[in-house]
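Please keep the sequence and the model in view while reading.

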Amino acid sequence: MRNNPCGIFEPNIIKGKECGIFCSREYHRESQMKKEMTFTSFYSHDRDVYSLDGFEPQIVDQAYLDRLGVTVTPSSQTLAGLINGSRIFMERMKNKTVIPVSRLVIEDIDPDEVETEIHNYTGRCPTLTFEINPVKGCNVGCQYCLVTDGVHEQTLTAYGNYHLYVRKLLKEMNGTPLKPASQEDIQKKNHLLKELADAIESQPERKKEIERQITEISKGKNWNHYYYFSPKTEALQEPTLKTGIAHKILKEFIAHFEEYPDSNARLFIASKAGVRHLLCEYEGETILDLFIKLKDHMQFNTSVSIMPAEFRNILEPYAAPIEERLKAVALCQENGIMANSALVQPIFTPYLTQEHIKEFFDALHAAGIVNYKPEFLTACMENLAMLGQWLGYFDKSLEKELYEDYIMPSNADHKKQRGRTAPDRALSITNIRKMMDYTQTLGMTTSICYWVRKQLKIDNSLIPIINSNGFQCLGYQSNLFKKND
């Protein structure tokens, strides 16, 4: 096997069949092959979940909560979730399956069969956002992952030719318009978005079908569209970088804008990437090189969290340290790439002291961050039992506080996307105000999505939908579309 500048190894073919037919397309079903590769992560930490001195997972039942001094009594359903999660956690620790293994399967897809996903949990997002998800699973291994509930036992699978789907989607949505959108088209889209908002809350089984209709009516219109790389996995992780998948996706956007200079497509990347990720080279170009070519059409949002380094290293085993993430932000900014907004997630409420708030946001401010979207930890009870015990390893009083913030019966209906429980509503509002009171002194603005606004009953007097720095919702920068408005 041989290395390339990014540390890539030639993958082993484990299944497949050569295609003896000349293909005019880059994909041919008969040429599809599965490949397997191992890799080394760019970042790791001295301590991981298996090397914590004296740590032994416990069953988080009523007796355990009583010993901690938890003052609220959970419902029987909540308690059952905590107990079940504890048992799963014990089994995973025993089998050493808590964090992902550095092994990857590479498959091809048929671009025509990929179902287009709209990143819209509320029906009220400011513009249509299409998801780019080239990997199933994630090598970062976040223990709080909302997609997997912190479970990383599945095989990491990357789609080697996913860029062909991206090419197809970009051309369909933001290529040369087949004809200008009529008022009827716009009204129909707005009506479908309203239907989507209603379905999400009352008829979730209709969501997919309504999204298909929205996707269909959007074709050939060149409406303002974001492409989110990647909401269901880390965009710039070893499986996308060491295979060149991320580079190929970015090149599709570059080619698209060269062919369609008036395209209203915009790329949104949220990532825990550090400098090593941005400087990963494939076929002579780094991710940063490709970002520079896209700098007028994209934004890069770093994803960081308010917690001590030792706790973060346990929860995010293969993520770049926060200092490296902020260096990546600086590298982007120095090269004219929009990288001045951050996803602040997940926020563990016990850590939101004034001291931690000041230290954290001072660091973001020094890195040129002018906007942030705060996201409190949301978790199913099974996942909370694991997270609480990690926290308790460092401070039992904080573990007690974490449970109290989530398990009270009055908070059982405080749900976020995918039905995960968020912290106590009153506490959430108090903590948002606490962060905003300090960050406003730094000139930083705050973005809050519609779902959170509705759950917490936050109106525009507290947080404008589009703030003074031009950010909204997830942290989308509305001024990226300014030239085409």
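F361 is buried, with a relative accessible area of 0%, where buried means under 20% relative accessible area, exposed over 50% and partly exposed in between, for a 1.4 Å probe and protein chains only. The model is a predicted one, in which local features need pLDDT of at least 70 and side-chain atom pairs count only at pLDDT 80 or more, while totals for chains, interfaces and linings use all residues. Residues are numbered from 1 along each chain as its sequence is written, and side-chain values use heavy atoms, with hydrogens and water left out.

**Aromatic pairs**

The structure holds 19 aromatic pairs, counted for rings of Phe, Tyr and Trp (its six-membered ring) whose centres lie within 6.5 Å, with planes under 30 degrees apart taken as stacked, over 60 as edge-to-face and the rest as tilted. Two of these pairs are listed here.

| Pair | Centre distance | Plane angle | Class |
|---|---|---|---|
| F311 and Y351 | 5.7 Å | 50° | tilted |
| F361 and Y372 | 4.7 Å | 50° | tilted |

F361 belongs to helix α12 and Y372 to strand β13 (residues 371-376), so their pair ties together parts that are eleven residues apart in sequence; helices (H or I, at least four residues) and strands (E, at least two) are DSSP runs numbered from the N terminus. Y372 is likewise buried, at a relative accessible area of 0%. F311 is buried at 0%, and Y351 also counts as buried, at 6% relative accessibility. Ring pairs link F311 and Y351 into a cluster with F55, F89, F348, W390, Y393 and F394.

Leaving aside its neighbours within four places in sequence, N371 is in contact (heavy atoms within 4.5 Å) with residues including N340, S341, T445, N467 and F471.

**Helices α4 and α5**

The axes of helix α4 (residues 183-202) and helix α5 (residues 207-218) come within 9 Å and cross at roughly 160°, the axes being lines fitted to C-alpha atoms over the stretch in contact, with angles running from 0 to 180 degrees between N-to-C directions. That makes α4 roughly antiparallel to α5, since angles under 35 degrees count as roughly parallel, over 145 as roughly antiparallel, 65 to 115 as roughly perpendicular and the rest as oblique. Among the residues that make the contact are K189, L192 and L196 of α4 and I210, I214 and I217 of α5.
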